[in-house]
Amino acid sequence: MSHTLKVLFISGSLRKNSYNTAALRAAKEGAPNNMQIEFADLSGIPLYDQDQRDEEVPAAVSKLVEQVRAADALLFATPEYNYSMSGVLKNAIDWVSREQPQPFAGKPAAIMSASMSLLGGVLAQYDLRRAMVFLDMHCINKPEVMISTAHERFDAEGRLTDDTTREFIGKLVSALGDWTRRLQAGEQQ
């Protein structure tokens, strides 16, 4: 068996009953045994302010920076707000990206989204992918996981009840692991 991969799960939602956070919990349940999963907490990250950063980087930001640096790969789950990723996620990315060396550079990543709409967050994923290109992350292209009508796929406790969605999430997590190992093997050659 290959070495254990450290994967950081980042939800772009702060909502207690977030479908995106619930999707990440389902991803953890279906993750291979050789993955060590950690969840990021974006709730304590203030709005980005260069003056504040110049004075002192907030502890919540420093923690996220270290989590990103320590991770072998990243899995993002974002809701879609106004045809884009959530402000919470964009703000966290802005904070982390200011650190040097830039922590996202070269990181393997994957995206999923959950939405009550029929599109499942496709436009949020598009915007997040554009940011990833600028930040030099290596996002996998397939499988794409866009959980539409999420309110029908999770129960009141946030447990995923749809087997097809569970299968897609499992394939995404597996593909992220494979992609990460391929990139790591390339680095070692």
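1. A quick definition to start: patches are made of residues with over 30% relative accessible area and no salt bridge, with like charges joined within 9 Å. A salt bridge here is a side-chain nitrogen of Lys or Arg within 4 Å of a carboxyl oxygen of Asp or Glu. Accessible areas come from the Shrake-Rupley method with a 1.4 Å probe.

2. Please keep in mind that this is a predicted model, where local features need pLDDT of at least 70, side-chain atom pairs count only at pLDDT 80 or more, and totals for chains, interfaces and linings use all residues. Residues are numbered from 1 along each chain as its sequence is written, and side-chain values use heavy atoms, leaving out hydrogens and water.

3. On the surface, Asp49, Asp51, Asp54, Glu55 and Glu56 form a patch of negative charge. Asp54 belongs to helix α2, residues 50-55 (helices are DSSP runs of H or I with at least four residues, strands runs of E with at least two). Asp54 counts as exposed because its relative accessibility is 54% (exposed is over 50%, buried under 20%, partly exposed in between).

4. Now for the partners of β6, where pairing takes at least two DSSP bridges. Strand β3 (residues 73-77) runs parallel to β6 over four bridges, with Ala77 opposite Met112. Strand β7 (residues 138-139) is also parallel, joined by two bridges, and His138 stands opposite Pro108. Three bridges link β6 to the parallel strand β8 (residues 145-147), where Ile147 faces Ala114.

Definitions and conventions:
Patch = residues over 30% accessible without salt bridge, like charges linked within 9 Å, V, L, I, M, F, W, Y side chains within 5 Å. Lys, Arg positive; Asp, Glu negative; His and termini not counted. Charge placed at Lys NZ, Arg CZ, Asp CG, Glu CD. Buried < 20%, exposed > 50% of the residue type's maximum accessible area, 1.4 Å probe, protein only.
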